[in-house]
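Please read the following report alongside the sequence and the three-dimensional view.

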Amino acid sequence: MAIRPANWNTEFLYYSLLQNAPRFKAASTGLIPGLSRADILDQQLPVPRDLGEQRAIAEALSDVDGLLESLDTLIAKKRAIKRAVMQQLLTGKIRIKEVCGSKDVPTGYKRTEVGMMPEDWEVTPLRSCLCAALDYGVNAAAVPFDDELPTYLRITDIDEESRYRPSPRVSVDHPDSDSYVLSKGDLVFARTGASVGKSYLHDPADGALVFAGFLIRARPEPAKLDSTYCAYVVQSERYWKWVAAMSSRSGQPGINGQEYGSFPLPLPKIREQRAIAAALSDMDAEIVRLESHRSKTLAIKQGMMQQLLTGRVRLV
């Protein structure tokens, strides 16, 4: 249904309808949710009589929307740059000279099972860089979050950027939970379903987490494998191609612990691993800062809408 306002500023009407969306949702009833013309046109909305005030409100909110759009564009650009840099660093096409162990960085490359690699890098199965065998999480149902119980980490609590983003936060009530608490540096991998291949590197800032049965834990040996470096490798394009090939071998997408242990890991010396991880972490920190700025701007916009579209704050 299209609306062409006769006596309202069009942008003001748009923001007013946006602010009152919950009222329209409440009016949508029946087995098949929907709105009639009357449901929309009979809504009572607060509106200043003066078109100039309507325009002023619309312009103020439009300016904030413009800032949000520019932040979205900048965040997308920073993510694209990070992906490109990650691809170069994790294949050795770009070397960090200051930390490669000598002033003269080896320039030769060799062909390996995962493609061209610097001559001084190795390709080794993930299991050979771990201090313990890969293990599976606890098989237990989630319960509502309780401060007296451990926090539960499920596949659905890990976002597409490999971060812990629960919605909502839940707990687990199991007598053996203590055996499945993640430590700093632990990585977990999703082993089945549409999310197979998804990973998460435990951040102590996320709190103590017990990982669920559909996740597999890997504990890197610090002297051989930097956990943060490994976390970036398993976000790379090459890793996801390996996941697609490995999980397509059966009708149900899935990768077990033994298969994850066989993942061919490109491995520079530990010092270079840490330098690569630090460079990419700095880029991630900038993206997180921009995302935080966007979230705060969105909250400001919502507060402005609440104040301006109800007349609590007037723009004369």
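Through how many residues does a hairpin join E1 to E2? The hairpin joins E1 to E2 through two residues. This is a predicted model, in which local features need pLDDT of at least 70 and side-chain atom pairs count only at pLDDT 80 or more, whereas totals for chains, interfaces and linings use all residues. Residues are numbered from 1 along each chain as its sequence is written, and side-chain values use heavy atoms, with hydrogens and water left out.

**Strands and loops**

The element names follow DSSP runs, numbered from the N terminus, with helices (H or I) of at least four residues and strands (E) of at least two. Two strands are said to pair if DSSP finds at least two bridges between them. On that basis strand E1 (residues 109-112) pairs with strand E2 (residues 115-118) in the antiparallel sense, over four bridges, and within this pair Arg-111 stands opposite Met-116 in E2.

An open sheet of four strands, with antiparallel pairing, runs in the order E4-E11-E8-E9. Its edge strands are strand E4 (135-136) and E9, each of which pairs on one side only. Strand E8 (residues 187-190) and strand E11 (residues 215-218) also pair in the antiparallel sense over four bridges, with Ala-190 opposite Leu-215 in E11. In a regular strand the side chains alternate between the two faces of the sheet.

The loop between strand E6 (151-153) and strand E7 (170-172) contains Pro-168, and a cis peptide bond, with omega of about 0 degrees, joins Ser-167 and Pro-168. Ser-162 lies in the loop between E6 and E7 as well, and Ser-162 has a positive phi of about 65 degrees although it is not a glycine.

**Helix packing**

Two packed helices are described by the angle between their axes and the distance between the axes. Here the axes are lines fitted to C-alpha atoms, for helices over the stretch in contact, and the angles run from 0 to 180 degrees between N-to-C directions. Angles under 35 degrees count as roughly parallel, over 145 as roughly antiparallel, 65 to 115 as roughly perpendicular and the rest as oblique. A crossing is left-handed if the near helix is turned anticlockwise from the far one by less than a right angle, and right-handed if clockwise.

The axes of helix H4 (residues 51-89) and helix H8 (residues 270-308) come within 10 Å and cross at roughly 165 degrees, which means that H4 is roughly antiparallel to H8. The crossing of H4 and H8 is left-handed, and their contact has 23 nonpolar, two polar and 10 charged residues by class. In this classification Ala, Val, Leu, Ile, Met, Phe, Trp, Tyr, Cys and Pro count as nonpolar, Asp, Glu, Lys and Arg as charged, and the others, Gly among them, as polar.

Helix H1 (residues 10-19) and H4 have axes that come within 8 Å and cross at roughly 65 degrees, so H1 is roughly perpendicular to H4. H1 passes H4 in a left-handed crossing.

**Cavity and pockets**

On a 1 Å grid over the protein atoms alone, a cavity is a set of points where a 1.4 Å probe fits but cannot get out, while a pocket is an open set with protein on both sides within 12 Å along at least five of seven lines; lining residues have an atom within 4 Å of a point. Grid points are joined across faces, edges and corners, and a volume is the space filled by probe spheres set on the points.

The structure holds one cavity of 30 Å³ or more. The residues that line the largest cavity include Gln-87, Arg-238 and Tyr-239, and by class this lining divides into five nonpolar, three polar and one charged.

| Space | Volume |
|---|---|
| Largest cavity | about 70 Å³ |
| Largest pocket | about 670 Å³ |
| Second largest pocket | about 360 Å³ |

The largest pocket is lined by 28 residues, of which Ser-162, Arg-163, Leu-201, Asp-203 and Asp-284 lie nearest its centre. H8 provides the largest share of this lining, six residues, and by class the lining of the largest pocket divides into nine nonpolar, eight polar and 11 charged residues.

Of the 20 residues that line the second largest pocket, Arg-83, Met-86, Glu-160, Gln-235 and Trp-240 are the closest to its centre. H4 and helix H6 (237-247) each supply at least two residues of this lining, and H4 gives the most, with six residues.
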